[in-house]
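Trainee: I've got a model open and I'd like to learn how to read its strands and contacts. Can we go through it together?

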Amino acid sequence: MSIKHLAGFAAVCGLVFLGVDYEQQTRRAGLDLGGLSLSAYAGTFESRYLSSKAERRLAEQEQERRRRWQQGGKAYLPGAPAGMERFSLLERPGILAAGAEGAESGADPLSDLDQALDGARERKRAAKMEPHSWGYSKDGEAVVLSVFLRGQENPNTLGGMVVSSMRGMELPEEPYAVIGGVAFGRDQGPFKGSSGKMRKFKGVLGFGERATILVHADASDETIRQLLSAIDYDGLNSLLAQPVPTIGNNVTVPLAAEEQLAGDIARLRSELQGIEAKAARLKMENIDHGKLLAGAMTGTRGVIDVTSGDVPDPAVVLEAAYRERLVRLMAEAGATRGGVAIKAEDHAAVQDAAEDSQSSGDGAGKTAGLASTLLGVFTGVSSQAGDAAPQNGGVAQVKVSKGLAGDSGDGSSCIRRGTTRTCD
């Protein structure tokens, strides 16, 4: 075939492609064939190119986030502040037992054996925590900072149900501080394995997918706060698929409001975890035993979906409620970001939820829809058990929880990932 014939064949193929593409774009615009003007059709090329470019960039960013997630959160712990020394736990495996009183070596063979067992346990624990932790010391004070990352559990697997149900059993914590937008609480009891000098604190970024900061400290509050303030909260927050809008290095809370705010955030988390645990227990009561048996026979019981499909997953609603209420609590406490006051009414979550509600046409929001479905599940179970049906004949009114922060919609070249908006 000559070059002239090849060129003609390519031109015909190009025209056919353009014809098919024009028809598809016309249908997407809701017009009859020929109703889309040539200028409008040409404009679709630019918008589709920009959208494709934004999607590629977003995919690259997500790939980079996952790579950093696999590396862990230790990189975002601080270096040694002035006057302090940073060390590996493998260098001082007994640091977590600071303050423990041991018997003198050689006084009693049984005491020597007891100390040897304690030493082996300390070395094993230090090796386990080393990939997530750094130790800091000065003038007889010692602090160990650790970061543990946990991804979102699949709530429809048996393992996911167990984990979700256990989250509602966490012990209450004593409010301590809010630093970088993260609420820290102190364990009510002394740290196991110490004489009581080592104090333990915990702060959590995120709800489902989360980064947990653990603090073991035999130090003053001033030293503890100095180290907590030096953590890279922006970096840790960027590890989450849905970054928390109230967390960052430049987020501050009035000192007088910190303890109250830390308590409020802890209660919010406890409330949402309680709802998550109830949903998990309801799923466990409605397990598809055929799927469970199949999982046991194939060895996939821990990863296979064993639900009956009757109980919806509240994870998306709980994530949205967590962020929306967290913004509200921070605003009420007078928190600022970069010196600018955080305001609940200015947060994009409120606008995004309103837009989702209007576009869905149900006006009640995701929370109301989930509540209706769950009430239907409970009603069905009650009816099978012979219980009386609700007298009101309908769904109880629920408060709508706003959605996640999002795109205000100024063009097809913008894409939203959680609370992060990417535009050309």
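Trainee: How many bridges join strand 6 to strand 7?

Mentor: A bit of background: this is a predicted model, where local features need pLDDT of at least 70 and side-chain atom pairs count only at pLDDT 80 or more, while totals for chains, interfaces and linings use all residues. Residues are numbered from 1 along each chain as its sequence is written, and side-chain values use heavy atoms, with hydrogens and water left out. Strands (E, at least two residues) and helices (H or I, at least four) are DSSP runs, numbered from the N terminus, and two strands pair if DSSP finds at least two bridges between them. Here, eight bridges join strand 6 to strand 7 (residues 210-218), and the two run antiparallel. Arg 199 has Ala 217 in strand 7 as its bridge partner. Three residues lie between the two strands, which form a hairpin.

Trainee: Which residue in strand 6 does Gly 185 stand opposite?

Mentor: Lys 202. Strand 5 (residues 182-187) pairs with strand 6 in the antiparallel sense, over three bridges.

Trainee: Why is strand 6 largely enclosed?

Mentor: Buried means under 20% relative accessible area, exposed over 50%, partly exposed in between (1.4 Å probe, protein chains only). Six of the eight residues of strand 6 (residues 199-206) are buried, so the rest of the structure largely encloses that strand.

Trainee: And Glu 319: buried or exposed?

Mentor: Glu 319, found in helix 9 (residues 315-332), counts as buried at 9% relative accessibility. For a polar contact, look for a pair of N or O atoms within 3.5 Å; within protein, one must be able to donate a hydrogen and the other to accept it, and residues adjacent in sequence count only if both atoms are side-chain atoms. The Glu 319 side chain makes one with the side chain of Arg 323 (2.4 Å), and the side chain of Glu 319 also reaches the backbone nitrogen of Gly 208 at 2.8 Å.
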